[in-house]
Amino acid sequence: MFDLPESQSSISDLEEQDSYWMRHALGLASRAEQEGEVPVGACIVKKGALIAEGWNRPIGDVDPTAHAEIMAIRAAAKTLNNYRLLDTTLYVTLEPCVMCAGAIIHARIKRIVYATTDPRAGAAGSVVDLFSNTAFNHRVSVCCGVAAEDSAQLLKEFFRKRR
């Protein structure tokens with residue numbers, strides 16, 4: 001586990017952390033798939049420590065808002081006993097949708113790292129880019145492409161099996 005605050009990490013350390021935590025998120029995505037959900041996983045890290053995780057649960061929870069990011073944000077807020085998730089990084093296997101991007105902004109998450117783009121609903125640049133909108137009072141740093149092929153393959157296989 002990494003224990004240096006992200007602001008003190010070198011670039012290579014940050015890349016190593018991103019890879020490590022994205023692998024964790026991919027494991028959560030596999031859990032979603034095992035439960036019959038679209039395989040998307042997310043985890044939230046603060047100062048190198050895991051504080052929350054989530055995976056897609058809209059079918060199982062009968063809740064259209066139960067996306068992996070929302071589940072992780074809810075858990076992180078409870079862990080920190082604060083609705084503001086300052087100085088955290090959210091790792092997610094698929095580009096956030098508009099709903100999740102809005103929640104990320106409102107939670108004041110510092111940074112998101114996502115694996116693969118979502119050309120149908122992505123709100124970090126694929127369809128719209130909420131994170132670059134200067135009208136919001138909070139800015140989120142965005143990194144994409146970490147383990148992109150693995151995430152895309154997991155999603156493709158899931159939908160191939162369903163057809």
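Biologist: Leaving aside its neighbours within four places in sequence, which residues is serine 151 in contact with?

Modeller: The model is a predicted one. In it, serine 151 belongs to helix H4, and it counts as buried because its relative accessibility is 1%, where buried means under 20%. Beyond its neighbours within four places in sequence, its contacts are Leu26, Thr93, Ala115 and Thr116.

Biologist: Where is glutamate 95 placed, and which side chain of opposite charge is nearest to it?

Modeller: Glutamate 95 sits in the loop between strand S3 (88-94) and helix H3 (98-107). Glutamate 95 is buried and yet has no salt bridge. A salt bridge requires the two charged groups to be within 4 Å. The nearest side chain of opposite charge is 12 Å away and belongs to arginine 120.

Biologist: Which backbone nitrogens lie by the side chain of glutamate 95, and at what distances?

Modeller: The residues that glutamate 95 touches, not counting those up to four places away in sequence, include Thr117, Asp118, Gly122, Ala123, Ala124 and Gly125. Two of these contacts involve a backbone nitrogen and the glutamate 95 side chain. The nitrogen of alanine 124 is reached at 2.8 Å, and a polar atom of the side chain lies 3.2 Å from the nitrogen of glycine 125.

Biologist: Which residues have the most contacts inside the largest nonpolar core?

Modeller: In soluble globular proteins, nonpolar side chains tend to be buried together. Here the largest nonpolar core has 26 residues. Two or more residues come from each of strand S1 (41-46), strand S2 (49-55), helix H2 (68-80), S3, H3 and strand S4 (111-116). Those with the most contacts inside this core are Ile44, Ile73, Ile109, Ile112 and Phe131.

Biologist: How many residues are in the second, separate core?

Modeller: This core includes Leu28, Ala32, Cys43 and Val113. Its size is 14 residues.

Biologist: How far apart are the end C-alpha atoms of H2, and what covers its buried residues?

Modeller: H2 has 13 residues, which at 1.5 Å a residue should span 18 Å, and its end C-alpha atoms are 18 Å apart, in agreement. The buried residues of H2 are Ala68, Glu69, Ile70, Ala72, Ile73 and Ala76. The elements covering them include S1, S2, S3 and H3.

Biologist: Which elements do the buried residues of H3 pack against?

Modeller: Cys100, Ala101, Gly102, Ile104, Ile105 and Ala107 are buried in H3. These buried residues pack against H2 and S4.

Biologist: Is valine 62 buried or exposed, and is alanine 147 buried or exposed?

Modeller: Valine 62 is not a glycine, although its phi is positive at about 50 degrees, and it is placed in the loop between S2 and H2. Alanine 147, also not a glycine, has a positive phi of about 60 degrees and lies in the loop between strand S5 (141-144) and helix H4 (148-162). With 73% relative accessibility, valine 62 counts as exposed, whereas alanine 147, at 16%, counts as buried.

Key: Residues are numbered from 1 along each chain as its sequence is written. This is a predicted model: local features need pLDDT of at least 70, side-chain atom pairs count only at pLDDT 80 or more; totals for chains, interfaces and linings use all residues. Side-chain values use heavy atoms; hydrogens and water are left out. Helices (H or I, at least four residues) and strands (E, at least two) are DSSP runs, numbered from the N terminus. Buried means under 20% relative accessible area, exposed over 50%, partly exposed in between (1.4 Å probe, protein chains only). Lys and Arg count as positive and Asp and Glu as negative; His and the chain ends are not counted. A polar contact is a pair of N or O atoms within 3.5 Å; within protein, one must be able to donate a hydrogen and the other to accept it, and residues adjacent in sequence count only if both atoms are side-chain atoms. Contact means heavy atoms within 4.5 Å. A nonpolar core is a set of buried Ala, Val, Leu, Ile, Met, Phe, Trp, Tyr and Cys residues joined through side-chain atoms within 4.5 Å. The expected span of a helix is 1.5 Å times one less than its number of residues.
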